[in-house]
Amino acid sequence: MQSSVTTFANITPALHRSLFADRERQFVARHRWNLCVTPEGLEIDQYDDAHSAYVVVEQAGRHLGSCRVRPMDAATMLAEHFSDLFPRAMGFVTSQPGTLYELTRFCRSPDLSVADSRMMLEALAVELDRFRDARNITGFVAVVFPEVARFLGTIGVRHLKLDEARLDGRKVQLICITHAVDVRAPVAPPQTARIAEMVAA
């Protein structure tokens, strides 16, 4: 496994196909989200542009796990689709230009074993913290279910709850992840498998 940060323009053709096909399988085929899918079966939306970066774990061009990050001073899903849900937090979020990034589209390959899911998540966390440090940013803002936020805390992912709301009858939280790597203890395989299944924001 190897982790890296890439852009939509620079991603290799093999990884491009693998990553966006896995996004289609996870978000459209499995979760039944009403998203845009290309004729090639790839889930690509308007936020897959020059402002986005992709934190990716791969193996020989095969996508294992990834997430999309983009600066909050660009157009974001949070600002354009969820701002009405979190009015108390949006003032803070928008007043921090250049210091916050949005994190969306966390995705893993459906073919990963529990052990491989653990290794993928650990590599992804390390790469996220490298990305944060390299750009001297505060953290990553994400919309998650409360059980996901609680679980992130149990595995040592440091985050702040910025606001809470209801979406389609379910509670959701807006959180800011400040540190993705748990330096206290390794993550147990059953836990990482569960979080890989649960994170859907």
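Q: Which residue lies over the face of phenylalanine 131?
A: This is a predicted model: local features need pLDDT of at least 70, side-chain atom pairs need 80 or more, and totals for chains, interfaces and linings use all residues. Residues are numbered from 1 along each chain as its sequence is written, and side-chain values use heavy atoms, leaving out hydrogens and water. A charge sits over a ring if NZ of Lys or CZ of Arg is within 6 Å of the ring centre and within 35 degrees of the ring normal. At 3.7 Å from the centre of this ring lies arginine 135.

Q: Over which ring does the charged end of arginine 170 sit?
A: The distance to the ring centre is 3.7 Å. The ring belongs to phenylalanine 145.

Q: Are the rings of phenylalanine 27 and tryptophan 33 stacked or edge-to-face?
A: The whole structure holds five aromatic pairs (Phe, Tyr or six-membered Trp ring centres within 6.5 Å; planes under 30 degrees apart are stacked, over 60 edge-to-face, the rest tilted). Here the centres are 4.9 Å apart. The planes meet at 25 degrees, so the pair is stacked.

Q: What kind of pair do tyrosine 101 and phenylalanine 131 form?
A: Their ring centres lie 5.2 Å apart. Both residues are buried (under 20% relative accessible area; exposed is over 50%, partly exposed in between; 1.4 Å probe, protein chains only). Their planes stand at 80 degrees, so the pair is edge-to-face.

Q: Which residue's side chain makes a polar contact of 2.8 Å with histidine 63?
A: Histidine 63 is buried, at 0% relative accessible area. Among the residues that histidine 63 touches (heavy atoms within 4.5 Å) are Leu15, Ser18 and Asp22. The polar partner is aspartate 22.

Key:
Polar contact = N/O pair within 3.5 Å; in protein donor to acceptor, adjacent residues only side chain to side chain. Lists of a residue's contacts leave out its neighbours within four places in sequence.
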